[in-house]
Structures are given as C-alpha cells and as structure tokens.
Amino acid sequence: MSTTPEEVVAAASDLLAKDEVLKKQLKAATKALMAQQAAQVLASGQQVNEVHIESAGDISVLAPLVLKGASEETLLWAKLNGRLYFALISPAGQACDCLARLQALGKVQGGGSPKVVTGNTTLPLERVAETIN
C-alpha cells in the first residue's frame, strides 16, 4: 500500500510494453513453426496431411506457405477443441469448388480464394478428404 499512483502507472506501462514485445516474438515463432511444417508437408508428397496447430488461425498461416510449393491438391487438417480445422490447397484454382461440395454436406464453415480455403467442421476427416479426389 505504500506504492504511489505514479509508480502504479509506470509499472502498468512497463507491463504493456513487455506484452507487445512478447506478442511480436510469439508471432515470429509461430510463423517459423508454420514454415517448418510447410516444408515437412511438401517433403511428404502426400495429399492429406495432419498438422499441429495451437490456435485456429495457425492453419491460415500455414496454408499459403504450402501453396508456394504444392503441385497438386492438398488437404491440411488438425483437430482442435473437438472440431476439424482444415485447409484445402489447389494450385489449379479449384479450392472454392471443393469447399462448396463440403458445404453442401452441411456443418462446414469456411472461405478463402480459388487456390486456398480454410475452415472448420464437425464432419469426419474421411468426408473432407473425399473432396480433393
């Protein structure tokens, strides 16, 4: 209780500054991790790839990195909080068509561009994987 209001304000300002630095470091580390995962996905040569994400937004960072080196339709997927998060990657520009077929099945949220769409669903992985074939 011997802390002055000025000291409290200074301490709060210091914490906010440290928070900004940590957020930037986390963003950089996440991007580096996603780049590493993209390289692993591309090296695997598989069309369907399980990836590890910490948040729903991670797959949106990963997908464009995979697109840069993909030569065929690719599905990235991860389970998070009981939902299947996915990215459909189509160098030929068919990703939106794949998403439309998925959305016709119901219980699918997502969007994106002709080459990359991301989303989530409660559908089983097998149903989602069928859309790239």
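1. Two strands are said to pair if DSSP finds at least two bridges between them. Helices (H or I, at least four residues) and strands (E, at least two) are DSSP runs, numbered from the N terminus. In the hairpin of β2 and β3, two residues lie between the strands, and Asn81 takes a positive phi near 55 degrees.

2. The model is predicted: local features need pLDDT of at least 70, side-chain atom pairs count only at pLDDT 80 or more, and totals for chains, interfaces and linings use all residues. Residues are numbered from 1 along each chain as its sequence is written, and side-chain values use heavy atoms, with hydrogens and water left out.

3. Strands β2 and β3 run antiparallel and are joined by seven bridges; Trp77 has Phe86 in β3 as its bridge partner. On β1 (residues 48–50), the pairing with β2 is parallel, over three bridges. The chain crosses from β1 through α2 to β2 in a right-handed β-α-β crossover (with the strands pointing away from the viewer, the path from the first strand over the helix to the second runs clockwise).

4. Six of the seven residues of β2 are buried (under 20% relative accessible area, 1.4 Å probe, protein chains only).

Notes. Buried < 20%, exposed > 50% of the residue type's maximum accessible area, 1.4 Å probe, protein only.
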